[in-house]
Amino acid sequence: RGFLRASLSAAAVSSAALPGMTAFAQEGKSRVVVVRNMALAEEPGESVVRRIFSEMVHEGVRAFVGGEVTREEAWRRFLKPEDIVGVKLNAIAAGVVPHPDIVDAIAAGAVMCGIPRNHVIVFDKEDRDLEKGGYTINKGGSDVQCYGTIGPPGSGNPGYEERQTFRGDTAYKLRRIVSRQCTALVNVPVLKHHCWAGLTCALK
């Protein structure tokens, strides 16, 4: 399975395609891309924010790949037309959920690879967390799918595996969305406090 861990947030913003945008990658043991666009500080309208976020996400992926590649070529380094792409959010705290426009840009990147929109699944723990974060639950149809691992009674959400998985002294159950449905995963972190780790990012 392919796992793409994308650290793309409102704090990591930019694109050479828009004025005031920059994108750069730091070489080293881990590759980190920072994308900035200072136009967001000017409080532009909703449609402009959506366009800026889209440009930022695509430029971030392109900078991560490096070299003279197009956006389509960059996304295709990670995703294949036959993939089912899971977009894992952290929606437990309603005020710091990844912006839907960022997720829309990730879905657009999948489409660049020849993946149908309904083969993109946006998910987190519960339906209600996603809804509080501004997402609309969608199961079925031709658009991007969006639902929780669990939902209200009778929701039919996939839930967790019955068998426990162990890592050291910790036992947990894998989400069926990950273990049975997705072949690629985009992890979209948030800047949020975590009582044990200090910073949540892509945890949970």
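**Salt bridges**

Author: Arg 71 and Glu 59 form a salt bridge, with their closest N and O atoms 3.3 Å apart; the term stands for a side-chain nitrogen of Lys or Arg within 4 Å of a carboxyl oxygen of Asp or Glu. This is a predicted model, in which local features need pLDDT of at least 70 and side-chain atom pairs count only at pLDDT 80 or more, while totals for chains, interfaces and linings use all residues. Residues are numbered from 1 along each chain as its sequence is written, and side-chain values use heavy atoms, with hydrogens and water left out.

Reader: Where do Arg 71 and Glu 59 sit in the chain?

Author: The pair links distant parts of the chain, 12 residues apart, with Arg 71 in helix α2 (residues 71-76) and Glu 59 in helix α1 (residues 46-65); helices here are DSSP runs of H or I with at least four residues, strands are runs of E with at least two, and both are numbered from the N terminus.

Reader: Buried or exposed, those two?

Author: Both Arg 71 and Glu 59 are buried, a label for under 20% relative accessible area, with exposed being over 50% and partly exposed in between (1.4 Å probe, protein chains only).

Reader: Which residues are in the network of salt bridges?

Author: Glu 55, Glu 59, Arg 62 and Arg 71 are linked in that network.

Reader: Switching topic, what does Asp 143 form a salt bridge with?

Author: Its partner is Arg 117, the closest N and O atoms being 2.8 Å apart. Asp 143 lies in the loop between α4 (127-132) and β6 (145-150) and Arg 117 in the loop between α3 (100-112) and β5 (120-126), so the pair ties together parts that are 26 residues apart in sequence.
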